[in-house]
Structures are given as structure tokens and as C-alpha cells.
Amino acid sequence: MSGDSDCTRTSPSAGSPSDNEFLPDRPKYVCSLSPDLIIKAREELQEKPEWRLRDVQALRDMVSKDYPSLGTCLDDAFLLRFLRARKFDYDRALQLLVNYYTCRRSWPEVFNNLKPSAIKPVLESGFVTVLPRLDPEGRHVVCIRPDRWTPSNYPITENIRAIYLTLEKLIQSEETQVNGIVILADYKGVSLSKASHFGPFVAKKVIGILQDGFPIRIKAVNIINEPRIFKGIFAIIKPFLKEKIANRVFLHGCDLNSLHQNIPPVILPEEYGGTSGKLDISTWNELLLASEEDFLPDFSQLVLPCDSSPHDMLVSGDADEKQCDDSLRGMKPQLYYCY
């Protein structure tokens, strides 16, 4: 987990909420938001500065009472991520926090040994990077280029690990917690063989993490250079998307003017008709690789409380996997047709 290596945590021996209030060495929260972002957080996220620490304490007490074995960081700044992502709804923030750890336990191929140095080949390939300039809404643009991946070099889960660590690094910023992010996905050169690695089972897990298991606001997903096969890919993904997210997906094809209506050319690299020079991946790679210590704790093997309901789990095991495998077999003819 990012940015909480010195956090106070719950543990199997954690006491009552009142006991946890007096655990030592909890960093004092200092708001870094600008006056404008404080107003935006109030209007969009229901965040009231005068009630902020009260709300954090309420979530902390709920964690200590309902999930004393969760092992989560209890610091103000960390818990605020989940409150902001769920507009300060305590119950929804708590569920998001539990889902966050459930995801880690349910997919060891992604979350074991999760640190920047372990995914250095993915970073060097340029599969995922973050544009150096913010958009007019103050949002980072995460650029994903599947054509940079060679399946014979490493499995698709390595790409997912790289995306996850990128999001973990971005969400450390309070500005990102309030403004959210924008995704730019370039599907140029995606072949049928490459698309076949992203079946319904992988799609469901990735979508589940992004929608229900990670405290980030995805404000737009811009798809460019998508081939005909993308109709099949999107058919796999769409059933797992919430309506709000589905409405934020924009398919631009090869129309750069359409892309520029959503992302201004001034922040885009030349590859996408922008004016900010060639796409630079080295700056982000260096920043992420220099953050190794932020990601040292490994919580993929956390044991949730015995009374955790199956409904709390984003992935419910073999039954879902079989259902997704069946769905993949049904989708293959459609993929070949689109290709």
C-alpha cells in the first residue's frame, strides 16, 4: 500500500475504538488543498473542513469495531482518501476500504511483491505513463498504450500491476483525491492474439478494482486508435461497468480533433496532435521508481474477519471464474468477427 509505511494499523489484537484513539505516533493531518479546491471538495464531495477530522474519526471507529483484523492504516490522511472517494458517506467509505484489501487478497498474481522495481520492464516499455502537465480541471492524464506490450515477455498481470502502482502514487496527492484523473488509452496496433489475453475474468477483476476497490475518481476514459476488434473488447468490458463510468467512456477512433475536445492539445504530446513535445516516459518512471519505500508493505495475504460476508467480496471465487470462462468462450466468435 502506498504512502503508509509508518501508519498506525488495526491488528488482530486491536482494542475498542476508544483504545485506538490513543495509539501513539499517528501523524497529524495538515490540509494541503488550495482555497479553490477546498470549495470544490465541499461542493462536489460534501467535505466540510470544520467536520473533516470528526468524519475521519467516525470511519476509524467503524474500522476498529467492525474490522479489527483488517490491518489497515488508520492515519487521517489515508482514511480521507476513502471518504473523499465516496463523498463522505461513512458506510460506503468503509465498504470501499474493505474492498481495497479484499482485492489484494483475492489476486496474489497482481499484489504479491507489489513495488515499482518489480515492474520496471513494464515501465521501460512505455505501456503506462502519466503526462507531465495537468488538464484544465487539474487532473492527471494516465496514458496507456497496449501496443507497447509483448505478451511473450511477461503476462498481462504485470501490466495491471504497473497501472495499479501508478494509481497508488497519484492518489497520494490530495489534489488528485479531489479532482480525479483522466485516462487516455491508445489501442493502435492491438491484435486479436493480444486482445485474447484480456478475457472476462481479467476484465471483471480490473473493473471491480477501479470501480469498487480503489479510492480514486475516474472522470473520463478516452479511447483512441481503437481497431474494429475493440467492439469485441468493449462488449466484454461493458457489462461490468456502472452506468456512470460507461457514460464517461469516449471512443475517438483516429479523430484527433475529437480527442482534443476532451483533452486540449497544449498538454498532449506530438503523437496525439499535441504541442508539448514528444511523449516522455522517463520522468514518470524515475518518479515512481524513486518511491520504492512507499510500497514496501505487502498486504496481499491479509486475513479478513471470519464474519465477512461473501457479498463484501469483489471476487467470489471459482463460480465466478467458471462463469467468466464460459463468457469468454461465447465472446471469441464475436472477437474474430470484429477482427
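**Close-up views of a predicted model**

At 43% relative accessibility, N113 counts as partly exposed. The views below come from a predicted model.

**View 1. N113 sits in a loop with a positive phi.** The loop in question runs between helix 6 (108-111) and helix 7. Phi of N113 is near 55 degrees, and the residue is not glycine. Most residues other than glycine have a negative phi.

**View 2. K87 has a positive phi in the loop between helix 4 and helix 5.** Its phi is near 50 degrees, again in a residue other than glycine. How accessible is K87? Its relative accessibility is 41%, so K87 counts as partly exposed.

View 3. The protein has 16 helices and five strands. Of its 339 residues, 53% are buried. The accessible surface comes to about 15600 Å². Carbon and sulfur atoms own 53% of that surface. Take the contacts between residues at least 6 apart in sequence: 79% of them join residues at least 24 apart.

**View 4. The largest nonpolar core has 76 residues.** Which members touch the most other members? They are F78, L97, W107, F111, I181 and F214. Helix 5 (residues 90-106) gives the most to this core, with eight residues. Two domains supply the core: domain 1 (33-105) and domain 2 (112-298) each give at least three residues.

**View 5. W107 is shown with its contacts.** Residues up to four places away in sequence are not counted here. What does W107 touch beyond them? The partners are T157, I160, V202, K205, V206 and I209. W107 is also one of the core members that touch the most others.

View 6. I263 lies in the loop between helix 14 (256-262) and helix 15. At 1% relative accessibility, I263 counts as buried. Setting aside neighbours within four places in sequence, I263 is in contact with V141, V182, L184, N222 and L268.

**View 7. Helix 15 (residues 282-289) has a buried side.** W284, N285 and L288 are its buried residues. They cover an arc of only 100 degrees around the axis, which puts them on the same side of helix 15. An α-helix has 3.6 residues a turn, so residues three or four places apart point the same way. What do the buried residues of helix 15 pack against? They meet helix 7 (120-125), strand 1 (128-130) and helix 8 (156-170).

**View 8. R60 and D76 form a salt bridge between two helices.** The closest N and O atoms are 2.3 Å apart. R60 is in helix 3 (residues 52-66) and D76 in helix 4 (residues 76-85). The pair is 16 residues apart and links distant parts of the chain.

**View 9. R52 and E47 meet in a salt bridge.** The N to O distance is 2.7 Å. Both residues are buried. Salt bridges that share partners join E47, R52, R84 and E174 into one network. Side chains of opposite charge can pair when their charged atoms come close.

**View 10. E50 forms a salt bridge with R42.** Here the closest N and O atoms are 3.2 Å apart. E50 counts as exposed, at 53% relative accessibility. R42 counts as partly exposed, at 36%. How many salt bridges does a search of the whole structure find? It finds 13.

Technical notes:
Residues numbered from 1 in each chain as written. Predicted model: local features only at pLDDT ≥ 70, side-chain atom pairs only at ≥ 80, totals over all residues. Heavy atoms only, no water. Core = buried A, V, L, I, M, F, W, Y, C linked by side-chain atoms within 4.5 Å. Buried < 20%, exposed > 50% of the residue type's maximum accessible area, 1.4 Å probe, protein only. Helix = DSSP H or I, 4+ residues; strand = E, 2+ residues; numbered from the N terminus. Domains from an automatic or database assignment. Contact = heavy atoms within 4.5 Å. Areas by Shrake-Rupley, 256 points an atom, 1.4 Å probe, with all protein chains shown as cover. Arc of directions from axis to C-beta. Salt bridge = Lys/Arg side-chain N within 4 Å of Asp/Glu carboxyl O.
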